[in-house]
Amino acid sequence: MTAETSQTLDRGLRVLKLLADTDHGLTVTELSNRLGVNRTVVYRLLATLEQHALVRRDLGGRARVGLGVLRLGRQVHPLVREAALPALRSLAEDIGATAHLTLVDGTEALAVAVVEPTWTDYHVAYRAGFRHPLDRGAAGRAILAARQGSLIEPGYTLTHGELEAGASGAAAPLVGISGLEGSVGVVMLADAVPERVGRRVVDAAREVADALR
């Protein structure tokens, strides 16, 4: 800690991060041990976070992340979208296909940013806000492959006709970003995606990941 930082705020944020990393919650004793502070400090931290709905405690006394974090999270998508747009524009123009950034939202894939090419006579219409199951479409499948550790070289996923008849997709997952699951991809009216497009999608995903770090 430095003179410019708050020890209490730091501890509170560490509590939230610890709770975010577990599915079953943590007890006061467990938090005390992981933070290296006494139980009284943990009780005070949890009480304050509960007042802001950032933490909740179940009947067994285990603390979990509260619904209040959703209000904070609503501002994440615009920030992510802004950071990704330059790479998506470049991808769409280079390939001549609709480029998109997709993030996990619960059990679904959610397109949060879409860029269409400016010079093509026709392209696939795709809109921000479009949702689909994670196990359908290149965007979701790339995310699942990264999650399961089953993504292999050349690092992208291909699909055809899963979300729209006659359309093919290629997507590569965002890697190296803690707490964020997503992918960058393109969708085009074609029977198959050329290999060069897949490689370009991987490069774009890397650019987006770098912009978000």
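Let me begin with Arg 206, which lies in helix α7, where helices (H or I, at least four residues) and strands (E, at least two) are DSSP runs numbered from the N terminus. Please keep in mind that this is a predicted model, in which local features need pLDDT of at least 70 and side-chain atom pairs count only at pLDDT 80 or more, while totals for chains, interfaces and linings use all residues. Residues are numbered from 1 along each chain as its sequence is written, and side-chain values use heavy atoms, with hydrogens and water left out.

Arg 206 is partly exposed, at a relative accessible area of 46%; buried means under 20%, exposed over 50%, and partly exposed in between, with a 1.4 Å probe and protein chains only. Its side chain is joined to that of Asp 203 by a polar contact of 3.0 Å, that is, a pair of N or O atoms within 3.5 Å, of which, within protein, one must be able to donate a hydrogen and the other to accept it, and residues adjacent in sequence count only if both atoms are side-chain atoms.

β6 pairs with β7 in the antiparallel sense over 4 bridges, and strands count as paired if DSSP finds at least two bridges between them. Thr 157 stands opposite Ala 171 in β7, and the hairpin that the two strands form has 6 residues between them, with Gly 161 in the turn showing a positive phi of about 70°.
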